[in-house]
Amino acid sequence: GGVVRALDSSTTHRVCAGQVVLDLCSAVKELVDNALDAGATALEVRFREHGVASLEVSDNGSGVRPGDFGALCRRSCTSKLRAFAELRQVGTLGFRGEALSSLCAVADVVVTTCAEGEAVGARLEFDAEGELCASAAAARPRGTTVAVSNLFAKTPVRRKELERHARRDFARAVHVLQGYALVAPNVRVAVSNQPAKGARTTVVHTPGGAGKQLAQVMPAVLGAKAAGCLQRFQTQVELAEGAGAVNVDGYVSRAAPGCGRGSADRHFFSINRRPVELPKLTKALNEVYRTHSATGQVAMAVLDIKMPPEVVDVNVTPDKRTVLLHCEKTFFAGIKEAFAQALEPARSTYELNMTQPERRAVSRKAVADNQAEAEAAGEAGAGGKEGQDGTGQ
Ligand SMILES: Nc1ncnc2c1ncn2[C@@H]1O[C@H](COP(=O)(O)OP(=O)(O)O)[C@@H](O)[C@H]1O
Ligand SMILES: [Mg+2]
C-alpha cells in the first residue's frame with residue numbers, strides 16, 4: 001500500500017484550528033466579530049491574567065436559539081454564508097464557521113446564551129471536537145457570553161509562548177479592541193483585565209449609543225490629548241477604468257509639532273467597516289508625514305476605507321485581518337497625494353529655509369505649548385480617559 005494517507009478528521013481539525021486561532025489576539029477578534037455580527041450594541045471583554053487564565057466576551061446580541069446549540073461549535077457550521085458565490089458580498093465579519101470550532105480545539109469553551117423570546121437561557125459546554133457535551137438552564141438577559149480558558153493548553157509550545165509574551169499579546173489584543181471601539185462608535189465597549197493579584201482594571205471604555213460618531217469616541221479610546229491632535233481627513237481615489245472609487249474618511253494627526261508620535265502604534269484602519277491590518281498604508285502615511293514633521297515623527301490615523309467589494313479580498317488569511325487589494329498602487333499613490341495636501345497648510349507656516357537645529361528648537365517649543373494646551377483642555381473635563389489604556393502609553 002501507499003504511504004500517502006488521509007489524516008483522520010480530528011487531526012486535520014487540530015492542525016487547521018491552529019491557523020484560525022493563532023494567538024490571543026485572533027481569539028479575541030473572532031469572538032468580537034461574532035458579537036457584532038449578532039447585532040450587539042454593548043460588548044464586554046474580560047481578561048484574566050492578560051488572557052493567560054481566560055478571556056470572556058459578552059454581548060447583548062441576538063443570542064443563539066436552542067435548535068442551533070448542537071451545531072454552534074461544529075466545523076464549517078455558520079448562519080452567515082450559504083455558498084461560495086456569496087463570498088464576494090459578505091457583509092458579516094465572520095463567514096467560515098471556523099472560529100468557535102477552532103477555539104474548542106485549542107481551549108476550553110463555555111457558552112451561555114439566551115435568544116429573544118426564550119423563557120430561560122442555557123449554559124453550554126463543548127469538547128475539543130466542538131461537540132456539545134453538557135447543557136444546563138441558566139438565567140441571563142438576551143445575548144451571548146463565550147468564555148475561553150486554558151488557551152493553547154493542549155499545544156505546549158504555543159502555551160509557553162502565550163505565557164512568556166502575555167503582556168505583549170495582551171497589548172496587541174487591546175489595540176485590536178480599540179480598533180473595534182473606533183469602527184463601531186454606537187456600540188458600548190468595555191475591556192478589562194483581572195491580574196493575578198490586585199484589582200481589575202478597565203483598559204478601554206466607550207459609552208456607545210445610537211447615532212454616535214467616530215469623533216465622539218476618539219477621546220475615550222485614544223485619550224483626550226491625542227484626540228485633540230487629530231484633523232478630519234476625507235478623500236476619494238479613482239481606481240482604474242470601471243473599477244470604481246475608494247472613499248477614505250477618518251482622522252489623522254495634524255502636522256503641528258507635538259502632534260505626531262514616535263512610532264506608528266496608533267494606526268487604526270478598516271475596510272468596509274472591517275478592522276484590518278494594512279502595513280503598506282502605515283508605510284505610505286509615515287513617508288508623507290515625516291516630510292511634514294520637523295521632528296521626524298509619524299502620524300496617528302483612524303481611517304475607514306470604503307471600496308467596491310470586488311477590489312478587496314478578505315479571504316486571504318484565516319484571521320481575515322490581512323486583505324488583498326487589487327489596484328493597490330493607484331490607491332496608495334492617491335492617498336499619499338491627498339494626505340500631503342491635507343498637511344500642506346501647516347507646512348507653509350514653517351520657515352522652509354530654517355536650519356535643522358533651528359527647526360528642532362521651534363518644534364520643541366511648540367511641543368511644550370501643545371502639551372500645556374492639551375493638559376489644560378484635559379483638566380477642563382474633556383472626559384478623557386488618559387492613562388487608562390493600559391498599553392504602556
Ligand atoms: N455571539 C454570538 N451571538 C449569536 N450567535 C453566535 C455568536 N457567536 C457565534 N454565533 C453563531 O455561531 C455560528 C458559528 O460562529 P463562528 O464559528 O464564529 O463562524 P462564523 O462567524 O464564520 O459563522 C455563527 O454563524 C452564529 O450563527
Ligand atoms: Mg465568527
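Student: What is the bridge partner of Val252 in E13?
Tutor: Ala301 is the partner of Val252. Keep in mind that this is a predicted model.

Student: What makes E10 and E13 a pair?
Tutor: Pairing needs at least two bridges. E10 (residues 245-253) and E13 have six, and they run antiparallel.

Student: Which strand runs parallel to E13?
Tutor: E11 (residues 267-271) does, joined to E13 by five bridges. Ser270 stands opposite Asp304 there.

Student: Why is E13 called largely enclosed?
Tutor: Buried means under 20% relative accessible area. Five of the six residues of E13 (301-306) are buried, so the rest of the structure largely encloses this strand.

Student: Why do E5 and E8 count as edges of their sheet?
Tutor: The open sheet has eight strands, ordered E5-E4-E3-E6-E2-E1-E7-E8, with mixed pairing. E5 (132-138) and E8 (201-206) each have a single partner strand, so one side of each lacks a neighbour in the sheet.

Student: How do you know that E3 and E6 pair?
Tutor: The threshold is at least two bridges. E3 (residues 108-114) and E6 (residues 143-149) share seven, in the antiparallel sense. In E6, Val146 is the bridge partner of Val111.

Student: What makes H2 and H3 a contact?
Tutor: Contact means heavy atoms within 4.5 Å. Ala27, Glu30, Leu31 and Asn34 in H2 meet Ala99, Leu100 and Leu103 in H3. By class, these residues are five nonpolar, one polar and one charged.

How values were computed
Residues are numbered from 1 along each chain as its sequence is written. Chains are lettered from A and ligands numbered from 1 in the order in which they are written. This is a predicted model: local features need pLDDT of at least 70, side-chain atom pairs count only at pLDDT 80 or more; totals for chains, interfaces and linings use all residues. Side-chain values use heavy atoms; hydrogens and water are left out. Helices (H or I, at least four residues) and strands (E, at least two) are DSSP runs, numbered from the N terminus. Ala, Val, Leu, Ile, Met, Phe, Trp, Tyr, Cys and Pro count as nonpolar, Asp, Glu, Lys and Arg as charged, and the others, Gly among them, as polar. Buried means under 20% relative accessible area, exposed over 50%, partly exposed in between (1.4 Å probe, protein chains only).
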